[in-house]
Amino acid sequence: MLLDKRGVHFIGIGGIGMSGIAIVLLEMGYHVSGSDLESNDLTEKIKRMGGEVFKGHAPLNIPKDVELVVYSSSISKDNPELVIAKSRSITVVHRAALLAELLNRKKGIAVTGTHGKTTTTSLISVMLENCNLDPTVIIGGEVDRFRGNAKLGRGKYVVAEADESDSSFLRFRPSYSVITNIEMEHVDHFKTLKAVRTAYQAFLGNLKKGGILFYNHEDLNMRDVIKNFKGIALSFGLSKDADIYPVGIKMDGFKTSFDCVYRKEMLGRVKLRIPAIHNILNSLAAILVGLNLGLKFKDITNSIKDFGGAKRRFHLRADVDGVMLIDDYAHHPTEIRAVLDACRNWKDKRLVVIFQPHRYTRTKFLADDFGRAFKGVDKLILTDIYAASERPIEGVSTKNIFDNVVRSGLDDVAMMKKDDIASYVMKLKRPGDMILVLGAGDIKRVADILSEELAGGSSERSERYSIAELKRSVKGDILFKERMAPHTSFKIGGPADIWVEPRDIKDLKKILIFARTKRIPTFVIGSGTNLLVSDRGFRGMVIHLTADSFKKISIRGNRIKIGAGYNVSRLVRLCCAKSLGGIESLIGIPGTVGGAIYMNAGGSANPIFRNMGEFVQSLKVMDYSGRIRRLTRSQLKFDYRRSNLEPYIILEASLKLEHSDVSSLNSSCSKFLKMKRDKQVLDIPSAGCIFKNPKDFQFTCGQMIEMLGLKGMGIGGAEISERHANFIVNRDSASCGDVLKLIEAIKEKVSANFHIPLELEVKII
């Protein structure tokens, strides 16, 4: 078993496919290292997670404890790391073998096809995640919901793209297979369309017993492939002959909607934030999967309605002063036509298209198709071929495409070096333009430059708080208009104007100084528990201390020095293993140490429960001007669900615990977990207890609400829990407004009957 190997080295770790597997293994606790010719956002993320990344390929890059070396099809046989690994008798495998082992051991959902794999995989992954099934996902593109291209889940499903380009998808043994379409592609590997079909037929043969195939009914090659398939097969398509299909399609800009019909039954309206017919097909594939996993249609549609696409899949990079910039991975004639079809949702736009051909073999065999693919484009800019791992082919260049485009009737075509494109486009752009950057190579850099240039000259620059300026000085991630709902346990809330994840304390200081100088409101978020975010979001900057530098921990005797970003439940487990007790009643709290100290979490009227503040000896904090202070125990004040720490951001805490016996501590943890599972709501989105229990009163908030018969009462999608009356749950895509109305209704009832003014425990922003 490959997963028995604990030290894993990836050659080409920065690739979209390799990095996803590396990230999942890091989250599983493996020692991960790797190398790549260039650094990128994904290699930086891997380093932040504790992985070791080397720039360039060299024999010394492979650490001594490596037991497994992973490579992809783009790595040449004479790669020095591959050569030395084999000489050291280290197990060497293709990335697909490791990915297949991750997928095959659980209920695997494998998505393949010539086009649309990434978007369909992303839709299915986001659907499962938002329906609280906590999947493991490995995607061929970056998705905002997962802050990247992969995540380790605790649920039973693994969702992954199955790469057909080199037939490596034949290693997969999925429980569910999704095939988006089949077309002649990857001509460096497949010499005929028959060979392509044969590979897909073999892929179908790998479906586990009782598994289900989901396929595109509109694809003629697909129909040929499934002729002799004996298993369960369900189709998605645009016609009534498909098992699931759309009617009443409406498209306006990025908004797409349609009524969904499944097996002749009208299910309801689907609303999407991704344009074009091909994305309707992709969404139907995801909906079909969800229905056959037992999900409710309403839950499915709510889970994908805000999905904005994967990065580089019709990715809106800028919309400034009447100029839109779209970045897309399209590198095949069919994909280009699909992107241009999506652009027709904006009828009044001038289309300026930048295209970088990908691979010499594709350019050679599909030059005629490329010539016809750009119909409707107003201006086309072509640049040199991105070779990938191929060597040049004599007589093959971008000129082949240029000549065919001109023959097809497009007059305004230019060829130029990639480095000259951005300045050229900035001079010719005008209000009403839609600029498309297309290609699977390094053309993304042109999109990056254009995005910065457009933002830099924008009349909206002051409204955007000079994001480019902040990005230049801060190493951590910075996002604009990041949705807050996925970052809270309540799963409610609109976007934050700016979302920042500082890399370290220096980053945090720069961010705070920037915010103070620009007079930007700031809010620090931990795990998003005990938090209700407004439907309009947060008009300012949200700071999330998620980097490893905020999660450091050291234990000496019964003293612990711990970063504010460390998870509370993980701390409890670690302390129990180290014979340190007192905090067992905090088990199950999903928040961070910083948040737990700030809120003095854990305690109640019951003396068997302890408060987090009891164990704090000192704190390292930063005020909102960027100054660092050390607060001693005598300077700290803790009360029921509050502290005097509002002026500060907690960076690090020194805790003092009690020595105890490991077995008794584990027993105590189990007891407290059982109490919480029996009485609290852990399986439905909530913010924990809504109200603070009143002091010196005979009843708790939950008891009063229950005595008033309010359990189960709902407003909109918000509902008072049937299990714990002091919990409001997000039963059905609740809005912040729903929750606030329910809170007011509870307050009025309690005040009228018990003459007690309830005080909120949950924080509202």
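Which strands does helix H1 (residues 16-27) lie across? Helix H1 lies across E1, E2 and strand E4 (68-71), and runs at about 165° to E1.

## Basis of the model

This is a predicted model, in which local features need pLDDT of at least 70 and side-chain atom pairs count only at pLDDT 80 or more, while totals for chains, interfaces and linings use all residues. Residues are numbered from 1 along each chain as its sequence is written, and side-chain values use heavy atoms, with hydrogens and water left out.

Helices (H or I, at least four residues) and strands (E, at least two) are DSSP runs, numbered from the N terminus. Two strands pair if DSSP finds at least two bridges between them. Contact, or touching, means heavy atoms within 4.5 Å. Axes are lines fitted to C-alpha atoms, for helices over the stretch in contact, and angles run from 0 to 180 degrees between N-to-C directions.

## The parallel sheet

The strands E3-E2-E1-E4-E5, in that order, form an open sheet of five strands with parallel pairing. Strand E3 (52-55) and strand E5 (91-94) stand at the edges with a single partner strand each, so one side of each has no neighbour in the sheet. On average, neighbouring strands of this sheet are turned by 20° against each other, direction ignored.

Strand E1 (residues 7-11) pairs with strand E2 (residues 31-36) in the parallel sense over five bridges. Within this pair, His-9 stands opposite Ser-33 in E2. Helix H4 (residues 95-104) also packs on the sheet, where it touches E1, E4 and E5, and its direction makes about 85° with that of E5.

## The hairpin of E14 and E15

Strand E14 (residues 255-262) and strand E15 (residues 265-272) are joined in the antiparallel sense by seven bridges. Cys-260 is placed opposite Gly-268 in E15. The hairpin has two residues between the strands, and Arg-263 takes a positive phi near 50° there.

## Asp-328

Asp-328 belongs to strand E17 (residues 323-328). Asp-328 is buried yet has no salt bridge, and Arg-313, the nearest side chain of opposite charge, is 6.2 Å away. Buried means under 20% relative accessible area, exposed over 50%, and partly exposed in between (1.4 Å probe, protein chains only). A salt bridge is a side-chain nitrogen of Lys or Arg within 4 Å of a carboxyl oxygen of Asp or Glu. For charge, Lys and Arg count as positive and Asp and Glu as negative; His and the chain ends are not counted.

A polar atom of the Asp-328 side chain lies 2.9 Å from the backbone nitrogen of Ala-330. Not counting residues up to four places away in sequence, Asp-328 touches Arg-312, Arg-313, Phe-314, Val-339, Val-437, Leu-438 and Gly-439.

## The antiparallel sheet

Another open sheet of five strands has the order E27-E28-E34-E30-E31, with antiparallel pairing. Its edges are strand E27 (553-556) and strand E31 (628-632); each has a single partner strand, so one side of each lacks a neighbour in the sheet. Neighbouring strands here are turned by 15° against each other on average, direction ignored.

Seven bridges pair strand E30 (residues 616-623) with strand E34 (residues 648-656) in the antiparallel sense. Val-616 is opposite Leu-655 in E34. Helix H16 (residues 505-517) packs on the sheet and touches E30, E31 and E34, with its direction at about 50° to that of E30.

## Lys-747

Lys-747 is found in helix H21 (residues 736-754). Lys-747 is partly exposed, with a relative accessible area of 25%. Phe-691 and Leu-758 are touched by Lys-747, not counting residues up to four places away in sequence.

How values were computed: Polar contact = N/O pair within 3.5 Å; in protein donor to acceptor, adjacent residues only side chain to side chain.
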